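Trainee: Could you take a close look at one part of this model with me? I would like to follow a single element from its surroundings to its packing.

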Amino acid sequence: MPHPVMDVTHRLVPAPAGRIHLVEQGTGPLVLLVHGFPESWYSWRHQLPALAAAGYRAVAIDVRGYGRSSRPAATEAYRMRELVADNAAVVHALGERSAVIVGHDWGSPIAANSALIRPDVFRAVGLLSVPYAPRGGPRPTEIFAGMGGGDEEFYVSYFQRPGRAEAEIEPDVRGWLARFYAGLSADTMPEPGAPDLHFVGPGGELRDRFPVDGRLPGWLGEDDLDFYAGEFERTGFSGALHRYRNMDRDWEDLADFDGAPITQPSLFIGGGLDASTTWRADAIKAYSTTLPGLFSSDILDGCGHWLQQERPDETNRLLIDWLSALPAA
């Protein structure tokens with residue numbers, strides 16, 4: 001394994017998905033780390049040893065559909081409530097009653113909803129890159145359909161139809177991932193004013209607007225890329241993409257939580273150059289209402305989307321400062 005994380009334990013634990021693969025390091029209060037798209041437990045390779053050294057039991061999972069975790073065939077098996085159930089099952093399989101949960105990218109709303117739906121299990125929540133915004137408004141697909149303007153299509157809409165994005169990505173997994181990661185990283189993203197890579201032109205593909213110079217971002221070594229590519233070459237992308245295909249189901253399933261705040265202690269960290277942060281600035285401004293237990297909201301200047309890998313030392317410091325301020329489990 002490239003850049004091995006030393007002294008970690010790999011485990012498979014039972015969950016509603018069938019099994020969840022996890023990697024753990026350290027002893028102490030449990031901190032559950034949930035990755036996003038298109039990632040892996042490996043996205044937390046810099047946090048596992050840092051949290052363990054700070055006195056925590058750090059556990060990074062492969063989300064259902066990724067890596068060595070189960071990959072149910074049905075699209076609807078990837079709805080939010082199912083992923084929350086997986087997370088709670090992991091906590092109990094590890095012999096714990098409660099945990100702090102931290103998520104990045106898609107892992108951020110998964111973590112947020114875990115705290116919202118299972119406050120008996122998740123006592124605090126850390127959100128990276130994607131701000132919390134309560135459920136509400138029109139159906140998500142209606143919102144996304146109107147975002148392109150003109151003939152452009154928003155990337156979430158592009159991901160909706162099963163098989164479409166897979167046909168773009170899977171013939172060249174390593175090349176696609178390299179350019180996707182580069183497009184959202186501070187040191188390799190397109191220059192301001194370039195066509196927005198979150199949108200697809202008429203008859204085009206998402207990769208049409210990715211960087212083409214072949215440079216890898218500074219945080220991503222060739223061996224890191226090999227690890228990610230190897231995982232997706234083995235599993236395919238459908239399990240990962242099905243998360244996008246359940247957003248309307250989530251909107252229906254979570255109707256009872258419309259407008260609900262998350263009251264547990266919380267943390268937000270965003271990248272100053274990340275569209276997830278800039279597009280959702282209003283959600284961040286609303287945190288006094290939506291995250292009344294917020295410890296801090298931090299924007300890392302000059303940082304892109306992959307912040308715990310782009311800026312691991314700063315991310316680790318912010319996480320550990322917050323964790324050390326939490327009430328004892």
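Trainee: Is helix α7 (residues 173-183) mostly covered or mostly open, and how many of its residues are buried?

Mentor: Happy to, and please keep in mind that this is a predicted model. Helix α7 is mostly covered, since 8 of its 11 residues are buried. The buried set begins with Val173, Trp176, Leu177 and Ala178, and it continues with Phe180, Tyr181, Ala182 and Gly183. As for what lies over these buried residues, the cover includes α6 (164-169) and α8 (222-235).

Let's stay with the second of those partners. Two packed helices are described by the angle between their axes and the distance between the axes. For α7 and α8, the angle is about 125° and the axes are 9 Å apart. Angles over 145 degrees would count as roughly antiparallel and those from 65 to 115 as roughly perpendicular, so α7 and α8 are oblique to each other. The crossing of α7 past α8 is right-handed.

Now for the residues that make this contact. On the α7 side they are Val173, Arg174, Leu177, Ala178 and Tyr181. Facing them from α8 are Glu222, Leu225, Asp226, Tyr228, Ala229, Phe232 and Glu233. Sorted by class, the α7 contact with α8 has 8 nonpolar and 4 charged residues, with no polar ones.

Note on methods:
Residues numbered from 1 in each chain as written. Predicted model: local features only at pLDDT ≥ 70, side-chain atom pairs only at ≥ 80, totals over all residues. Heavy atoms only, no water. Buried < 20%, exposed > 50% of the residue type's maximum accessible area, 1.4 Å probe, protein only. Helix = DSSP H or I, 4+ residues; strand = E, 2+ residues; numbered from the N terminus. Contact = heavy atoms within 4.5 Å. Axes fitted to C-alpha atoms, helices over the stretch in contact; angles between N-to-C directions. Parallel < 35°, antiparallel > 145°, perpendicular 65-115°, else oblique. Left-handed = near helix turned anticlockwise from the far one by under 90°. Nonpolar A, V, L, I, M, F, W, Y, C, P; charged D, E, K, R; others polar.
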